Amino acid sequence: MRLFIYGQYVIMIAIFGIVAWRGGEIGIFEDSNFRSAIGTTIVVAVFVVMINLLVANYVGYYLARATGRKLAFLDVCLQLPLIVPLIVIAAGLDIWFIRLDLTETVLGVVLIQLLPTLPYSIRIARNAYLALDQDINQYVYLMGGTRWRLALDVYLPLMRPMNETILLFSVVISIGQYAITSMIGGGIIQTVALILFPYFTSSQLQIVAAAALFTIFMAFVMLFIFRWCYKGIVKLVGVMG
């Protein structure tokens, strides 16, 4: 089954590569404006991923152990960004961003891109923590462990698949955001989505294929770096413990 899935990925990437190459659109990566947009996109995506990982793990862990009316209220709050149209929320927040001088800044773009990513990331984390034994904390405390050891020695290794899912999800969503990025960035903060959007509307398949290759490549590169760092941290914690 895994080989079948990998085979589909290889075929898809090969098709995108052939279409982009035959159309001569690989050369778009040599454009200085596009390279600058790539750098901005990477910076934004990295910060979006980091915030999603930190907040989703903390809030997801809390929600997995919350009960009663408090849980129902937090559930409704998390669903609001998913129910209310994103552009409506962004338009309302735009006023506050202007007052805080966050428009036309990378920080403002990072914060606005948390709207379509963070609620999903928190739900993923919550479901992952719910799948664990709810008495796992007590077992660790009975053996003389602390909260710090519980987080590093137990949850850090167990939550790796969940964190990889959050990373991939956040990267793909961040790269593809056009409307809210344009609204808060004001056209000053140029990302790949802003530059390539006119080509998408004109149905130029070669440009679309080149953009798809970039998205896939960036997501997998960040995933490989994340896995390498994650394994290193787990090993380091094991040695120190």
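User: Which helix gives the most to the lining of the largest pocket?
Analyst: That's α2, with eight residues. Bear in mind that this is a predicted model.

User: What volume does the largest pocket have?
Analyst: About 920 Å³. Its lining has 25 residues, and the closest to the centre are Leu53, Leu54, Asn57, Tyr129 and Leu156.

User: Which helices each supply at least two residues of that lining?
Analyst: α2, α8 (147–158), α9 and α12 (205–240).

User: How do the lining residues of the largest pocket divide into nonpolar, polar and charged?
Analyst: There are 22 nonpolar residues, two polar and one charged.

User: Switching to cavities. How many of 30 Å³ or more?
Analyst: The count is one. About 30 Å³ of space lies in the largest cavity.

User: Which residues line the largest cavity?
Analyst: Thr41, Val44, Ala45, Gln113, Ser174, Ile175, Gln177 and Thr191. By class, that makes three nonpolar, five polar and no charged residues.

User: And which helix gives the most there?
Analyst: α2 again, with three residues. Both α2 (32–65) and α9 (160–176) supply at least two residues of the cavity lining.

User: Now the largest nonpolar core. Which residues touch the most other members?
Analyst: Tyr129, Tyr155, Met159, Met162, Leu167 and Val171, out of 47 residues in that core. The largest share of this core comes from α2, with 10 residues.

User: What is Met162 in contact with, leaving aside neighbours within four places in sequence?
Analyst: Asn57, Ile124, Ala125, Ala128 and Tyr129. Tyr129 is also one of the core residues that touch the most other members, and one of the residues closest to the centre of the largest pocket.

User: One more residue, Leu74. Where is its place?
Analyst: In helix α3, residues 68–83.

User: Why does Leu74 count as partly exposed?
Analyst: Because its relative accessibility is 26%. Buried would need under 20%, and exposed over 50%.

User: What does Leu74 contact beyond four places in sequence?
Analyst: Leu74 is in contact with Tyr62 and Leu63.

User: How many residues apart in sequence are Leu74 and Leu63?
Analyst: 11 residues. In space, Leu74 and Leu63 are 8.1 Å apart, C-alpha to C-alpha.

Terms used: Residues numbered from 1 in each chain as written. Predicted model: local features only at pLDDT ≥ 70, side-chain atom pairs only at ≥ 80, totals over all residues. Heavy atoms only, no water. 1 Å grid on protein atoms, 1.4 Å probe; cavity = no way out; pocket = protein on both sides within 12 Å on 5 of 7 lines; lining within 4 Å. Points joined across faces, edges and corners; volume = space filled by probe spheres on them. Helix = DSSP H or I, 4+ residues; strand = E, 2+ residues; numbered from the N terminus. Nonpolar A, V, L, I, M, F, W, Y, C, P; charged D, E, K, R; others polar. Core = buried A, V, L, I, M, F, W, Y, C linked by side-chain atoms within 4.5 Å. Buried < 20%, exposed > 50% of the residue type's maximum accessible area, 1.4 Å probe, protein only. Contact = heavy atoms within 4.5 Å.
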